[in-house]
Amino acid sequence: MPPSPYTSLYVHVPFCNRKCDYCAFYSLGHADPDLRRRYLDRLRDEFDANAGLCAPLDSIFIGGGTPTALAPGEMAELLHAIRTTFTLAPDCEWSSEANPESLTPEMAAVLAEGGVNRVSVGVQSFIPHERQAIGRRGSLDRLADSLDCLRRRHVDNLNLDLMFLLPGQTPDSFARSLRQALDLHPTHLSAYALTIEEHSILARRHPHQPDDELFVTFWDTADRLLATAGLQRYEISNFALPGRRCRHNDDIWHGATYLGCGPSATSFDGLTRFTQPHSLNAWLHAEPPERDELPPPQRACEILAFGMRTLQGWNFDDFTARTGFDALDLRGNQLRQLRQRGLITLSDTAAAPTRDGLLFNDDLLIELI
Ligand code: SF4
């Protein structure tokens, strides 16, 4: 199949208010206004160069880093550049990540007026010593007001990010964080296990000791408590109210194309992945992206595996429409073996992970890719 137009846009903002001790994302803890100016100018060039390759956008996701580490005027400029360069589908989902400390009333107004209709806030934990243990600074004192401020401006699709397996965290303290999150009435909640990157500051003071039993206890705690508020797990780490799944991520897990702008951002045209340089300096100098090319059948297998991150899995007609391949021709034997192991359900028309298939999703990836 030829490369397809991009249907989603991801923008990487490589700045944070400060670096967290566990962070593995590309971002700078400090950035002076001049550097941010150069970033915005180069981003505008990148938008202009690629807008012609895009279909009307079904979704936009501004991530990072911490997008709200930009000054409100800079954020307004970024949103304006997106609106005026790309064509947006009428019901385009437009998300921005935010940090509780920089999601001020002024920033909330800028996001809402600029077109953002979904905001994802990185909380990680409501327990102060757990936040401190991973070097997460700032307070959560005004989080509830910030969310109300967004809702008053009709941005009511709100995600909170939490983490588990934090140093010093117990299933009980995780349950307290989940309950405090539910008190804020999010439409979506992400609950990620902390992974300690080898070279992070956290790795030096908290050597990683994987504990599968504890992992499953945290996992079940999230399922049980979030279900009481109607939030159902629909992907390994994501829960949503009905109709409030993150369209951007859901589409990408099912092989949709996306344009990635900004340092370290990845694009996917249906066949090839392109990743922009991981250093801001190299990206500012327009160094070429890395290309990840695969033969089409192999890429289709990868798309098959990624869709199995979601509870929905794959309807095989949709898979064929997306990739041009028949899933059972490509990986029929492996799918049948996974069904025998209890990791997926499988019929002539669809495959989907079971609870164990989501929990031990790496096993599916290994078989299917
Ligand atoms: S806010 Fe997120 S991107 Fe920024 S340093 Fe912390 S973990 Fe990394």
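How many bridges join strand β11 to β12? The views below begin with that pair.

The structure is a predicted model, in which local features need pLDDT of at least 70, side-chain atom pairs count only at pLDDT 80 or more, and totals for chains, interfaces and linings use all residues. Residues are numbered from 1 along each chain as its sequence is written.

**View A. An open sheet of 3 strands has the order β10-β11-β12.** Strands are DSSP runs (E, at least two residues) numbered from the N terminus, and two of them pair if DSSP finds at least two bridges between them. Pairing in this sheet is antiparallel. Its edge strands, β10 (266-268) and β12 (290-292), each pair on one side only. From one strand to the next the twist averages 20°; axes are lines fitted to C-alpha atoms, and angles run from 0 to 180 degrees between N-to-C directions. Strand β11 (residues 273-275) is joined to β12 by 3 bridges, and Phe274 has Arg291 in β12 as its bridge partner.

**View B. Strand β5 (residues 157-164) pairs with β4 and with β6.** Strand β4 (residues 118-124) runs parallel to β5 over 6 bridges, with Arg118 partnered by Asn157. Strand β6 (residues 188-193) also pairs with β5 in the parallel sense, over 6 bridges; here Met163 is the bridge partner of Tyr192. Because 7 of the 8 residues of β5 are buried, this strand is largely enclosed by the rest of the structure. A residue is buried if 20 or more other C-beta atoms, placed from the backbone, lie within 10 Å of its own.

**View C. The largest nonpolar core has 71 residues.** Such a core is a set of buried Ala, Val, Leu, Ile, Met, Phe, Trp, Tyr and Cys residues joined through C-beta atoms within 7 Å. Leu9, Leu162, Leu189 and Tyr258 have the most contacts inside it. Beyond its neighbours within four places in sequence, Leu189 is in contact (C-beta atoms, placed from the backbone, within 7 Å) with residues including Asn159, Leu162, Ala181 and Phe239. Apart from this core lies another, of 17 residues, among them Ala327 and Leu368.

**View D. Strands β7 and β8 form a hairpin.** Strand β7 (residues 232-235) and strand β8 (residues 238-240) pair in the antiparallel sense over 3 bridges. Between the two strands are 2 residues, and Glu235 stands opposite Asn238 in β8.

Terms used:
Helix = DSSP H or I, 4+ residues; strand = E, 2+ residues; numbered from the N terminus. Buried ≥ 20, exposed ≤ 12 C-beta atoms within 10 Å, placed from the backbone. Contact = placed C-beta atoms within 7 Å.
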